[in-house]
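This report describes selected features of one protein chain.

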Amino acid sequence: MEALFCISIALGAGLLMSRVVKPLGLPSVTGYLVAGILIGPYAIGALGFDGIGFTSVENVKEYQIISDAALGFIAFAIGNEFRLSQLKQIGKTATFIGIIQALVATLLVDAALIGLHFIIPDKLPLSMAIILGAIAAATAPAATLMVVRQYKAKGKLTDLLLPIVAIDDAVGLIIFAVSFGIAKAIEHGQFNVVSIAIEPIIEIVASLLLGLVMGLLFSLFERFFSSNSKRLCLSVTCVLFTVALSMLKFEIGGVHVGFSTLLVCMMLGTMFCNLCDFSAEIMEKTDKWTVPIFVLFFVMSGAELELSVFTDIIIVGIGAAYIITRSLGKYFGAYASAKLMKCDDKTTKYLGITLLPQAGVALGMAMTVAKSDVGGGSVIDTAKAIAMGVYGDVWAIIEGREK
């Protein structure tokens, strides 16, 4: 009963806040995040009434299955943007921009935070500075997709954006895996080539292969059903099953093998949209079915925000340095690479702004570090706070009005 109360209140709070932020010209995603903060452990949840709000971060994590499912459907929807006909036109451009802007953001954040490390080594260990630089590469696919849908954005910028976000996250996962391996080596004094170089490659290849196989099976089974309701049911079943498979982890000969849920589900969506003739119709119905899940995902992301980190002015300063340098890296990295690829003026000018939001992948990276013995706890909490996507949605107004 308490779980149903909590879920219904989270949905209601998200919907109400989306109406509050609308007159301010802000996207609904921002309202959902604010709603999560309000019913989280630092506001209404602090009253301690079970079922009325989230009483603790641990309480929020009890609903992790909703976030896992939401990320799977988000990645699946982004994968549906990788149609071969479209990729022939923008594939080279999206790949180049996706790689360059991610690398520039990482390098700028690394440079700034490593410099801060020499000033405040007790607050910011070198290993943590390197990890935060890697986290800077990731862009939030969830926030981006939701804002695009809300404003029904159409145009060259939007067509280029979603493939770039997908490539950006793949690049981010590689950078993070390598940086995390280097950070562990710095702290433990032992460099492991397997964890730094081999395991990230294995994760990406394994994820793409799993998504490819599931996509083939999905497209095959869809042909056995003719009614839209049963096809929708099969779509939901396949995405959830794929998310579950992507969580498997095992070890072979000392090498840890795992999967990226985002990459697996993106490949699933890519295979489906290119192999199934009626994929557009199914995706339209799936998009409507998943809206409540996405609302819950963002509300719970807001509830997980660690407001306690803002009581330490030095940690706040580290966060500010991260946000400023990452924003500069994303903007100028995208601007320069778009200029080199001869994109139109509007895309070149505004693309960097669209890549500012963070959540999802970055949060997962921060949680991975939090479970390890690398770095300092307060900096990890800062990384999680930054990763909630509390800035960067202003681009919606720029491109969202373009029909």
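Asp50 sits in the loop between α2 (28-38) and α3 (57-61); helices (H or I, at least four residues) and strands (E, at least two) are DSSP runs, numbered from the N terminus. This is a predicted model, in which local features need pLDDT of at least 70, side-chain atom pairs count only at pLDDT 80 or more, and totals for chains, interfaces and linings use all residues. Residues are numbered from 1 along each chain as its sequence is written, and side-chain values use heavy atoms, with hydrogens and water left out.

Asp50 counts as exposed because its relative accessibility is 51% (buried means under 20% relative accessible area, exposed over 50%, partly exposed in between, with a 1.4 Å probe and protein chains only). Between Asp50 and Cys6 the C-alpha to C-alpha distance is 8.0 Å, although 44 residues separate them in sequence.

The structure holds 1 salt bridge, defined as a side-chain nitrogen of Lys or Arg within 4 Å of a carboxyl oxygen of Asp or Glu. Asp168 and Lys330 form the salt bridge, with their closest N and O atoms 2.7 Å apart. The pair joins distant parts of the chain, 162 residues apart: Asp168 belongs to helix α8 (residues 156-188) and Lys330 to helix α13 (residues 313-340). Both Asp168 and Lys330 are buried. Side chains of opposite charge can pair when their charged atoms come close.

A nonpolar surface patch of about 780 Å² includes Leu212, Phe221, Phe225 and Leu275 among its residues. Patches take residues with over 30% relative accessible area and no salt bridge, joining like charges within 9 Å and nonpolar side chains (Val, Leu, Ile, Met, Phe, Trp, Tyr) within 5 Å; the areas come from the Shrake-Rupley method with a 1.4 Å probe, and for residues only the protein chains shown count as cover. Helix α9 (residues 193-222) supplies the largest share of the patch, 6 residues. Leu275 lies in helix α11 (residues 261-275) and is partly exposed, at 35% relative accessible area.

Helix α4 (residues 64-79) packs against helix α12 (residues 279-303) and also against α11.

| Helix pair | Angle | Axis distance |
|---|---|---|
| α4 and α12 | about 135 degrees | 9 Å |
| α4 and α11 | about 40 degrees | 7 Å |

Axes are lines fitted to C-alpha atoms, for helices over the stretch in contact, and angles run from 0 to 180 degrees between N-to-C directions. The crossing of α4 and α12 is left-handed, while α4 passes α11 in a right-handed crossing. A crossing is left-handed if the near helix is turned anticlockwise from the far one by less than a right angle, and right-handed if clockwise.
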